[in-house]
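Have the sequence and the 3D view side by side for this one. We'll walk through the structure a piece at a time, starting with charged pairs.

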Amino acid sequence: MAAELHVELVAADRSVWSGEATLVVARTASGDIGVMPGHQPLLGVLESGPVTIRTSEGSTVVAAVHGGFISFADNKLSLLAEIAELADEIDVQRAERALESAKSAEDAVAERRAEVRLRTVSVR
């Protein structure tokens, strides 16, 4: 059996995903980071972007994450997000409308969130 780490992806309003994984890739303020079992302890700030989780079963879970924190110690990874959505939960047409609306309103934050949602769907 391959080495595993326990992952908890939690949004402000709910638990999004929990389980065992062999690799997690997330975007931090310092750049993209990959965390595998045995990684050095870390604490960082999450930036808006897709989070990719390679599960112990070999499947891949992708989520759009918008801000928050990442913490790893003792083979336990916590992703504490302001907003997080699994790729399967994202409505592509709604995200496309949100992107157009944000562009016309010149709302950079909303535009970034819509772009991340659309990129997350394309990653899965």
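A salt bridge here is a side-chain nitrogen of Lys or Arg within 4 Å of a carboxyl oxygen of Asp or Glu. Keep in mind that you're looking at a predicted model. With that rule, the count is 3 salt bridges.

Take arginine 27 and aspartate 32: their closest N and O atoms are 2.8 Å apart, and they form a salt bridge. Arginine 27 is partly exposed because its relative accessibility is 27%, while aspartate 32, at 51%, counts as exposed.

Now find arginine 14, which pairs up with glutamate 89, with 2.6 Å between the closest N and O atoms. Arginine 14 sits in strand S2 (residues 14-28) and glutamate 89 in the loop between S7 and H1, so this pair ties together parts that are 75 residues apart in sequence. Both partners are partly exposed: arginine 14 has 30% relative accessibility, and glutamate 89 has 40%.

There's one more pair to look at, arginine 117 with glutamate 85, where N and O are 2.5 Å apart. Here helix H2 supplies arginine 117 and strand S7 supplies glutamate 85, so distant parts of the chain, 32 residues apart, are linked. Glutamate 85 has a relative accessibility of 14% and counts as buried, because buried means under 20%.

Glutamate 85 and arginine 117 also turn up around isoleucine 90. This isoleucine lies in the loop between S7 and H1, and with a relative accessible area of 8% it is buried. Leaving out residues up to four places away in sequence, isoleucine 90 touches Ala64, Glu85, Ala95, Arg117, Thr120 and Val121.

Next comes helix H1 (residues 92-105). Which residues of H1 are buried? They are Ala95, Leu99 and Ala102. Looking down the axis of H1, you'd see these buried residues fall within an arc of 70°, so they line one face of the helix. They pack against helix H2 (108-123). On the other side of H1, Arg94, Arg97, Ser104 and Ala105 are exposed.

Let's move over to the strands. Glycine 68 is in strand S6 and is buried, at 9% relative accessibility. Among the residues it touches are Gly44, Val45 and Leu80. Threonine 28 is 40 residues away in sequence, yet its C-alpha is 9.3 Å from that of glycine 68.

Together with Leu43, Val45 and Phe69, Leu80 makes a nonpolar surface patch of about 410 Å².

Finally, look at the loop between strand S6 (60-73) and S7, where you'll find aspartate 74. Aspartate 74 is exposed, at 73% relative accessibility, whereas asparagine 75, at 31%, is partly exposed.

Definitions and conventions
Residues numbered from 1 in each chain as written. Predicted model: local features only at pLDDT ≥ 70, side-chain atom pairs only at ≥ 80, totals over all residues. Heavy atoms only, no water. Patch = residues over 30% accessible without salt bridge, like charges linked within 9 Å, V, L, I, M, F, W, Y side chains within 5 Å. Areas by Shrake-Rupley, 256 points an atom, 1.4 Å probe, with all protein chains shown as cover. Buried < 20%, exposed > 50% of the residue type's maximum accessible area, 1.4 Å probe, protein only. Helix = DSSP H or I, 4+ residues; strand = E, 2+ residues; numbered from the N terminus. Arc of directions from axis to C-beta. Contact = heavy atoms within 4.5 Å.
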